[in-house]
Amino acid sequence: MDKKQIRGAVVLLVATFVVLGAVSMAGRTDATGESAGGVQVLTGSGQGYASQITVEVTMDGDTITGIEVVESDDTPGLSDGAFDAVIEAVLANQTAEGVDMVSGATGSSEGVLNAIKEALASATGESAGGAQVLTGSGQGYASQITVEVTMDGDTITGIEVVESDDTPGLSDGAFDAVIEAVLANQSAEGVDMVSGATGSSEGILNAIKEALAGI
């Protein structure tokens with residue numbers, strides 16, 4: 001092999017290493033980077049004037065970047081102004097603390113504010129010896145069902161229904177059966193619905209799934 005051939009081979013070899021290195025770095029960024037630059041969407045619920053209010057709070061790292069009301073049956077028009085005012089104040093202050101209620105729409109103001117607080121609490125979880133409390137909601141047979149799921153590391157240690165207006169007695173059995181199955185399986189996947197209480201079963205299961213999605 002003459003000098004020209006050797007020089008060409010070296011150039012080709014170097015170029016190959018550069019391309020492989022670039023591909024490797026790109027793959028490593030995709031594999032370890034968090035979705036949408038570390039963005040997470042947190043859900044919370046609070047009792048408004050006439051209904052449960054559910055919000056989605058978007059966080060980018062420690063910054064609150066967006067808040068959306070995704071469920072409410074409070075009076076349209078009256079509640080909308082309260083929602084907008086509270087959301088604007090939370091975004092401006094980057095905290096749900098110290099936000100004033102809107103005169104004439106106190107119930108809706110308190111509901112959306114408490115929903116935001118609940119969502120933000122699930123961002124870090126409530127510390128209890130390494131435990132984390134996650135909140136989620138799902139539509140049951142007759143109401144929104146809200147649960148708190150307690151995690152210790154990767155282990156689901158407890159599930160509690162904190163809000164539901166589904167039929168007492170009928171829904172209670174469904175709640176107990178679904179919670180027992182999720183705790184036993186350590187997963188909300190593949191859990192059977194309870195015959196005669198499908199709506200309540202689906203509601204609590206979807207609430208649990210939503211909570212676990214916030215890990």
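How many helices and strands make up the secondary structure of the chain? There are 5 helices and 6 strands. Helices (H or I, at least four residues) and strands (E, at least two) are DSSP runs, numbered from the N terminus. Along the sequence they follow the pattern α-β-β-β-α-α-β-β-β-α-α.

This is a predicted model, in which local features need pLDDT of at least 70, side-chain atom pairs count only at pLDDT 80 or more, and totals for chains, interfaces and linings use all residues. Residues are numbered from 1 along each chain as its sequence is written, and side-chain values use heavy atoms, with hydrogens and water left out.

**The whole chain**

The chain has 215 residues, and 36% of them are buried. Buried means under 20% relative accessible area, exposed over 50%, and partly exposed in between (1.4 Å probe, protein chains only). Take the contacts with a separation of 6 or more: 45% of them join residues 24 or more positions apart. A contact means heavy atoms within 4.5 Å.

**The sheet E1-E2-E3**

Three strands form an open sheet in the order E1-E2-E3, with antiparallel pairing. Strand E1 (39-47) and strand E3 (63-71) stand at the edges with a single partner strand each, so one side of each has no neighbour in the sheet. The twist averages 25 degrees from one strand to the next. Angles run from 0 to 180 degrees between N-to-C directions, and axes are lines fitted to C-alpha atoms, for helices over the stretch in contact.

E1 and strand E2 (residues 52-60) run antiparallel and are joined by 9 bridges. Two strands pair if DSSP finds at least two bridges between them. Gln-40 has Met-59 in E2 as its bridge partner. Helix H2 packs on this sheet and touches E2 and E3; its direction makes about 160 degrees with that of E3.

The expected span is 1.5 Å times one less than the number of residues.

| Helix | Residues | Length | End-to-end C-alpha distance | Expected span |
|---|---|---|---|---|
| H4 | 170-185 | 16 residues | 23 Å | 22 Å |

In H2, the buried residues are Ser-79, Ala-82, Phe-83, Val-86, Ile-87 and Val-90. They cover an arc of only 125 degrees around the axis, which puts them on the same side of H2. The arc is that of the directions from the helix axis to the C-beta atoms. An α-helix has 3.6 residues a turn, so residues three or four places apart point the same way. The face of H2 turned away from the buried side carries exposed Asp-84, Glu-88 and Ala-92. Just after H2, Gln-94 takes a positive phi of about 60 degrees.

In H4, Ser-171, Ala-174, Phe-175, Val-178, Ile-179 and Val-182 are buried. Seen down the axis, they fall within an arc of 125 degrees, so they line one face of H4. Their cover includes strand E5 (144-152), strand E6 (155-163) and helix H5 (198-213). On the other side of H4, Asp-176, Glu-180 and Ala-184 are exposed.

**Ser-143**

Ser-143 lies in the loop between strand E4 (131-139) and E5. Ser-143 counts as buried because its relative accessibility is 8%. Its side chain reaches the backbone nitrogen of Asp-165 at 2.8 Å. Leaving aside neighbours within four places in sequence, Ser-143 is in contact with Gly-138, Ser-164, Asp-165 and Asp-166.

Technical notes:
A polar contact is a pair of N or O atoms within 3.5 Å; within protein, one must be able to donate a hydrogen and the other to accept it, and residues adjacent in sequence count only if both atoms are side-chain atoms.
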